[in-house]
Amino acid sequence: MSPLNDGVLNHLLRVIDEPDLSSTKYRMHERLASGGMGTIYLAYDAELERPAAVKVLHVPDPSGELEARLIREARIMARLEHPGIVPIHEVGRLACGRVFCAMKYVRGQPLDRYVRDVPDLQTRLRLFLKICETMAFAHDQGIIHRDLKPANIMVGPFGEVLVMDWGLAKSLGTTAGSESAAGSPMAGDDQLTQGGVVAGTPAFMAPEQADGRAQAVDVRADVYGLGGVLYFLLTGKAPGTKDREHPDGQYAPVIRPRFRDSEIPKALDAVCMKALATLPEHRYANGNALAEEISDYLDGRPLQAYRPPLWSRAAAWCSRNKVLLALLGAYLLMRFLLIFLRKS
Amino acid sequence: MSKLTLGIVLGGILGLLDGLSTFFVPEAADMMVQIIVGSTLKGLVTGVIIGYFAVKRKALWTGIFLGLGVGLFLSYLAALMPDPSGQHHYFEIMLPGGILGAVVGFATQKFGRQSAGTANA
């Protein structure tokens with residue numbers, strides 16, 4: 001009898017891992033992706049006759065921790081009703097005991113793949129603005145994502161942007177319009193995010209998050225993540241490396257975008273570096289502040305992070321107000337001509 | 001500053017400056033005060049009308065042309081009054097008045113705080 005090779009073993013493992021959805025209204029189609037917590041399958045909702053993405057835990061979870069995480073993720077996504085966040089259809093339990101969560105199936109590409117075909121900086125910034133606006137909404141609801149990176153952002157066929165994978169999201173407590181902490185879907189959040197436990201993607205992770213200081217992580221950790229996404233959109237590279245720490249315990253400083261590509265505008269370089277500041281208090285206050293900064297950049301308005309030379313600001317103002325200058329110029333010319341003609 | 005306030009302030013200042021330009025016309029020295037006061041008032045009225053329009057509607061070019069129209073009309077009323085020699089100065093009064101109205105129209109559309117829920121995009 002010949003021994004089983006790796007390919008056969010992997011196939012068998014995959015078949016064993018494949019959940020039985022027969023107790024639900026979903027029919028299995030194909031495996032889309034797999035993460036640390038579970039696997040996402042493309043399924044077909046037989047009742048509503050539409051495709052759906054079904055995330056299923058890898059195995060039954062006797063400790064209940066992964067279950068709690070998946071249910072918490074689903075509740076966070078359900079709470080965040082926004083065009084930039086994938087709608088949740090339902091959460092349930094399979095006959096085998098594994099918890100699943102069904103959500104809208106998003107056709108599209110992850111941002112890191114999508115931008116390969118988008119050389120235009122303005123288009124990239126408009127995509128980034130949508131991401132910031134989505135995160136601004138989440139921050140307003142008291143939710144932080146904690147794992148923002150290009151691979152967790154999907155761009156749909158019509159340019160719509162969806163922030164995915166809220167598995168590490170955290171509720172910052174009671175906010176206007178949200179439930180009280182005790183009765184909220186995120187009750188027990190602190191138990192799932194203990195100090196010293198590091199979760200996220202190192203290359204895009206804020207220093208305070210990478211240090212495992214869970215209590216210090218707030219919306220500004222997401223601002224750092226957004227800065228990382230902007231850095232990627234500008235340079236095509238992540239701001240950090242997988243192994244972020246030097247042997248002496250200091251963090252490797254982020255290389256300025258303009259050092260990687262001198263064509264990157266100074267203003268965007270400054271915005272990116274402000275978002276990626278090591279100290280949270282030096283970053284933008286939240287996603288909305290960063291969105292406003294990008295919007296101001298796109299409209300040619302002054303920025304918080306960058307103060308250009310006086311002549312440059314004057315030129316930008318003149319460029320924005322050509323009609324006003326033309327009208328004032330016409331008035332002065334006409335006044336001069338009237339006085340000149342009268343005298344002559 | 002709200003759009004209405006901006007219209008009034010800008011209209012008043014530009015009207016005053018326009019009136020002060022009479023210093024370059026020695027023949028009008030006898031009527032200096034009337035011209036300056038009248039021009040300032042004309043600017044204020046223009047500012048109120050254009051500022052009110054900007055609060056109600058956001059439309060750059062409509063605002064500019066409305067400013068031009070209001071400026072021309074009010075200047076025409078001012079130009080109907082003859083100087084002591086009985087002459088009318090339609091061209092010298094209406095042209096700057098119209099352009100200043102257009103400036104106020106542009107400024108109130110482009111700058112100033114829009115009251116929530118009052119303008120349609």
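**Close-up views of a predicted two-chain model**

**View 1. A:Arg283 sits in the loop that runs between helix 9 (266-275) and helix 10 of chain A.** Everything here comes from a predicted model, where local features need pLDDT of at least 70, side-chain atom pairs count only at pLDDT 80 or more, and totals for chains, interfaces and linings use all residues. Residues are numbered from 1 along each chain as its sequence is written, while chains are lettered from A and ligands numbered from 1 in the order in which they are written. Helices (H or I, at least four residues) and strands (E, at least two) are DSSP runs, numbered from the N terminus. A:Arg283 counts as buried because it has 24 C-beta neighbours inside 10 Å. (Buried takes 20 or more other C-beta atoms within 10 Å of a residue's own, exposed 12 or fewer, and partly exposed is in between, with C-beta atoms placed from the backbone.) Skip the neighbours within four places in sequence, and A:Arg283 is in contact with A:Arg220, A:Val223, A:Tyr224, A:Lys274, A:Ala275 and A:Ala277; contact means C-beta atoms, placed from the backbone, that lie within 7 Å. A:Ala305 is 22 residues away along the chain, and its C-alpha atom is separated from that of A:Arg283 by 9.6 Å.

**View 2. Helix 4 (residues 121-140) of chain A meets helix 10 (residues 287-298) of chain A, their axes coming within 7 Å and crossing at roughly 155°.** That angle makes helix 4 of chain A roughly antiparallel to helix 10 of chain A; the label goes to angles over 145 degrees, with under 35 roughly parallel, 65 to 115 roughly perpendicular and the rest oblique. The axes are lines fitted to C-alpha atoms, for helices over the stretch in contact, and angles run from 0 to 180 degrees between N-to-C directions. The crossing of these two helices is left-handed, as the near helix is turned anticlockwise from the far one by less than a right angle (clockwise would be right-handed). From helix 4 of chain A, the contact residues are A:Leu125, A:Phe128, A:Leu129, A:Cys132, A:Glu133, A:Met135, A:Ala136 and A:His139. Helix 10 of chain A brings A:Gly287, A:Asn288, A:Leu290, A:Ala291, A:Ile294, A:Ser295 and A:Leu298. Sorted by class, that contact has 10 nonpolar, four polar and one charged residues. (Ala, Val, Leu, Ile, Met, Phe, Trp, Tyr, Cys and Pro count as nonpolar, Asp, Glu, Lys and Arg as charged, and the others, Gly among them, as polar.)

**View 3. In chain A, three strands make an open sheet in the order 6-8-9, with antiparallel pairing.** Strand 6 (109-110) and strand 9 (161-163) of chain A are the edges, each pairing on one side only. Two strands pair if DSSP finds at least two bridges between them; strand 8 (residues 153-155) and strand 9 of chain A have three, in the antiparallel sense. A:Met154 has A:Leu162 of strand 9 of chain A as its bridge partner. Helix 4 of chain A packs on this sheet, touching strand 8 and strand 9 of chain A, and its direction makes about 40° with that of strand 9.

**View 4. Another open sheet in chain A has five strands in the order 1-2-3-5-4, with antiparallel pairing.** Eight bridges join strand 2 (residues 38-45) of chain A to strand 3 of chain A in the antiparallel sense, and A:Tyr44 stands opposite A:Pro51 in strand 3.

**View 5. Strand 5 (residues 99-104) of chain A is mostly covered, with five of its six residues buried.** On one pairing, strand 3 (residues 50-57) of chain A runs antiparallel to strand 5 of chain A over five bridges, with A:Val56 opposite A:Phe100. Strand 4 (residues 88-93) of chain A is also antiparallel to strand 5 of chain A, joined by five bridges; here A:Arg93 has A:Val99 as bridge partner. Strands 4 and 5 of chain A form a hairpin with five residues between them, and A:Gly97 in the turn has a positive phi of about 100°.

**View 6. Where the chains meet, 11 residues of chain A are in contact with 12 residues of chain B.** The chain A side has nine nonpolar, no polar and two charged residues. Chain B has four helices and zero strands, and 41% of its 121 residues count as buried.

Technical notes
Contact = placed C-beta atoms within 7 Å.
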